[in-house]
Amino acid sequence: MQISGAQMVIESLIAEGVETVFGYPGGAIMNVYDEIYKQDKFQHILTRHEQAAVHAAEGYSKVSGKVGVSMITSGPGFTNAVTGLADAYMDSIPLVVISGQVPMSLIGTDAFQEIDAVGISRSCTKHNYLVTDAKDLPRILKEAFYIARTGRPGPVHVDIPKDVTAQIAEFNYDIELNLETYKPHVKGNPRQIKKAMEAIANAKRPLFYLGGGIINANAAYEVRDLVHTTGIPAVETFMARGTLSCDDKLLVGMLGMHGSYAANMAMSETDLVIALGARFDDRVTGKLSEFAKNAGVIHVDIDPASISKLVNANYPIVGDIKNVVTEMLKLVSMVESENYEPWRETIENFAELHPLTFHEDTPNIKPQWVIKRVGELLGDNANISTDVGQHQMWTAQFYPFTRPRQFISSGGLGTMGFGFPAAMGVKAAVPEKISVNFTGDGSILMNCQELMTAVEKKLPVINIILNNNFLGMVRQWQTLFYNKRHSETDLSVQPDFVKLAEAFGGIGYRVTTKKEFDAALKDAIEKNIVAFIEVKVERFENVMPMVPSGGSLFNMMLLEKKESE
Amino acid sequence: MKDNNERRVVSVIVVNEASVLSRITDLFSGRGYNITSLTVAPIPESKYSRLTIVTSGSVRVIEQITKQLHKLIPVLRVYEHADLVEKEMALVKFPITENISDISAICNAYNGKIVNVGHDVIITMVTDESKRVDHYLEAIKKYNPKEIARSGAVALER
Ligand SMILES: Cc1ncc(C[n+]2csc(CCOP(=O)(O)OP(=O)(O)O)c2C)c(N)n1
Ligand SMILES: [Mg+2]
């Protein structure tokens, strides 16, 4: 079939089963937008900023497991989207981002809205393409989707000059891909798997270290089986929240900089780390030389480059987690769960010594209470996004996650402004669940323009602004490590968040008591339109426990105990 | 990770396509790896090119370089050589007034010769292991070389 490059983009998206595209038009991509206008197979959601279009596609992808798609124009449209690409790259989120480019004849002439887009995206995408002939488009788009979702997932950027979208060429999407140079490992080496299981059987204090790769691989339920049949305790990274259910007896908690005392101590005392889809990030390990110092390491990952990058793996296994864990389950009779009973008791003692908690000792609402409360009221019924800062860490600590893909947050890049657009993407993908975004008074102003998108497209995200009148996380570091010099973090001057929401046609609430909070949340859910619930919280609350940057996991700053305890 | 920096030669077979070289050099600069020299040329009658990169780093860094290179989509193979034949070429321009027979004799010792004689200058070419090229350049210093062009190493596993 002979069609234009622009029509090819549409046909390819349809062939990939794409249902939702997040984007923003402009000169160089107009031919494609003209074809979007003429079709009704997928919906286009016009965000009010290109960064938000990519974050929305990320949220959509993270909650659904599908490839997220976003479309933007050249020049400033593209540069606005770069933060989203970088965010998706750091968190291994499969995206296809299509940008317009100036016509081929103008490339290199500093034309209007020309920027070397593939030059910029090279270092923050899994792969990228500049399409120079429409006849290559079907293959390139098919490769883009394939590369985005296979192996270690990630964003793929496709830059298409305007004349290529106008060019007529033969379209056939029913082609075999022949990527000689890209063949991700899927099956783990059986001998390595057997050796790893022997090591587990011989260990006295083994510990599962569960990472976000499990969720990307849709392997959480297999991992639950493995944890339960072996009886080995597990810690989760921030990215892995929801792999085990919060009420799982074997879940010790989240580890790392703001991990629980028990999780960090377990990691410090283990004799065998069983890392599944985790990458030994510096926010997790603290001081590397002291991390799990006396332990052997089993490391299962789809990405060979993640293995032995920071911590040497004694049992490296390259493969898809679901595949490898399924193989491990077949050998599980080698392992005697009772052998770990003393170890489980040790960990229980850690948890009793310093449980993860907070004190309600001020007249103002504690931010942690709000998160716990939403957990009590909505629990499994909500998908939870966050922005970046203290509120993000409290959400990871205190929300009762019960399933994988329930928690959507910017982990690797830590992008303020991620939460709200991501929550819209989540709502677009899973409309039957309530989409809640825990955000801060700083973060929400980065991308608050998305109120307009949410109103227009009826994406009733509930944004809970934990207002401490501070860039709280930075303020916390200043308090602790800069002798309370709170340089440029005081956000006393603020918009009226209620009016702000209302100005766009959303709904706003300002609450200062627990009762008001419950009522506002109930009302927002009933009204079913995008909401800002501004909660005035205790200003100087710190996220605890805390491993100071570069410190050892076992050297935590802990919540001060109350006299009564 | 700054322990014992070792010189290493890495060869990379890549699909011969636009911007593939930038992908490789961006990877090195973005992750803070060294490039001592880099050569690239198409492999005849194939769609691939061979790059030879001379780099240095600890064992762990070299392992990461190999793995990260392999992660790039257009990379077919990465050889991190242990046992290889490695050669490099150097062209050197001397004033014609220097002692040409001395220069010629030194060239001979390094598999080289005079390849061009002009009005004011002569040009020599030597091809040898990189280390030996270093020695050669040291030896000819006193003959006032005007310009030096080194090719960077190319290598094949034995
Ligand atoms: C785009 C961006 N700029 C700056 C930062 C650095 N940063 C991390 S947390 C934070 C404060 C966030 O404040 P707020 O949204 O109010 O959250 P809080 O910590 O108060 O809960 C800042 C500025 C960042 N992560 N992202
Ligand atoms: Mg704040």
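Reader: Where do I start with chain B?

Author: Start with the overall build, and remember that the model is predicted. Chain B has four helices and nine strands. Along the sequence they follow the pattern β-α-β-β-α-β-β-α-β-β-α-β-β. The C-alpha trace of chain B spans about 55 × 40 × 30 Å along its principal axes.

Reader: What share of the residues in chain B is buried?

Author: Of the 158 residues in chain B, 42% are buried. The accessible surface of chain B is about 8,500 Å². Carbon and sulfur atoms hold 53% of that surface.

Reader: How do I read the contacts within chain B?

Author: Look at how far apart the partners sit in sequence. Take the contacts in chain B with a separation of 6 or more. Residues 24 or more positions apart account for 71% of them.

Reader: Into which domains is chain B divided?

Author: Domain 1 covers 2-82, and domain 2 covers 85-157. The contact between them takes ten residues from domain 1 of chain B and nine residues from domain 2 of chain B. Their centres, taken over C-alpha atoms, are 27 Å apart.

Reader: How much area do domain 1 and domain 2 of chain B bury between them?

Author: About 680 Å², with 52% of it on carbon and sulfur atoms. On the domain 1 side of chain B, the residues that lose the most area to domain 2 are Arg7(B), Thr39(B) and His81(B). Together these three make up 47% of what that side buries.

Reader: How many salt bridges count between domain 1 and domain 2 of chain B?

Author: First the idea. Side chains of opposite charge can pair when their charged atoms come close. Now the case. There is one salt bridge between domain 1 of chain B and domain 2 of chain B. Look also at Arg7(B), which forms a salt bridge with Glu86(B). Their closest N and O atoms are 2.8 Å apart.

Reader: Which elements of chain B hold Asp128(B) and Lys87(B)?

Author: Take the bridge itself before the elements. The side chains of Asp128(B) and Lys87(B) meet in a salt bridge, 3.9 Å from N to O. Asp128(B) lies in strand 7 (residues 121-128) of chain B and Lys87(B) in strand 5 (residues 84-95), so the pair ties together parts 41 residues apart in sequence.

Reader: Why does Asp128(B) count as buried, and Lys87(B) as partly exposed?

Author: Check relative accessible area. Buried means under 20%, and exposed means over 50%, with partly exposed in between. Asp128(B) is buried because its relative accessible area is 3%. Lys87(B) counts as partly exposed because its relative accessibility is 30%.

Reader: Now the two chains. How many residues of chain B are in contact with chain A?

Author: 17 residues of chain B contact 18 residues of chain A. Chain B and chain A bury about 1,600 Å² between them. Of that area, 47% is on carbon and sulfur atoms.

Reader: What should I look at within chain A?

Author: Arg373(A) forms a salt bridge with Asp518(A), with the closest N and O atoms 2.7 Å apart. Arg373(A) is in helix 15 (residues 367-378) and Asp518(A) in helix 21 (residues 514-527) of chain A, 145 residues apart. Asp518(A) is partly exposed, because its relative accessible area is 24%.

Reader: Are Arg241(A) and Glu236(A) buried or exposed?

Author: Both are buried. Their side chains meet in a salt bridge, 3.0 Å from N to O.

Reader: Which residues are linked with Asp496(A) in a network of salt bridges?

Author: Arg510(A), Glu534(A) and Lys536(A). Over all chains, the structure holds 44 salt bridges.

Reader: Which residues make the nonpolar surface patch of about 200 Å²?

Author: Met104(A), Ile107(A) and Leu130(A). Met104(A) is in the loop between strand 5 (95-101) and helix 5 (117-121) of chain A. Met104(A) counts as partly exposed because its relative accessibility is 32%.

Definitions and conventions:
Residues are numbered from 1 along each chain as its sequence is written. Chains are lettered from A and ligands numbered from 1 in the order in which they are written. This is a predicted model: local features need pLDDT of at least 70, side-chain atom pairs count only at pLDDT 80 or more; totals for chains, interfaces and linings use all residues. Side-chain values use heavy atoms; hydrogens and water are left out. Patches are made of residues with over 30% relative accessible area and no salt bridge: like charges are joined within 9 Å, nonpolar side chains (Val, Leu, Ile, Met, Phe, Trp, Tyr) within 5 Å. Accessible areas come from the Shrake-Rupley method with a 1.4 Å probe; for residues, only the protein chains shown count as cover. A salt bridge is a side-chain nitrogen of Lys or Arg within 4 Å of a carboxyl oxygen of Asp or Glu. Helices (H or I, at least four residues) and strands (E, at least two) are DSSP runs, numbered from the N terminus. Buried means under 20% relative accessible area, exposed over 50%, partly exposed in between (1.4 Å probe, protein chains only). Domain bounds come from an automatic or database domain assignment. Contact means heavy atoms within 4.5 Å. Buried area is the accessible area (1.4 Å probe) that two parts lose on being put together, summed over both.
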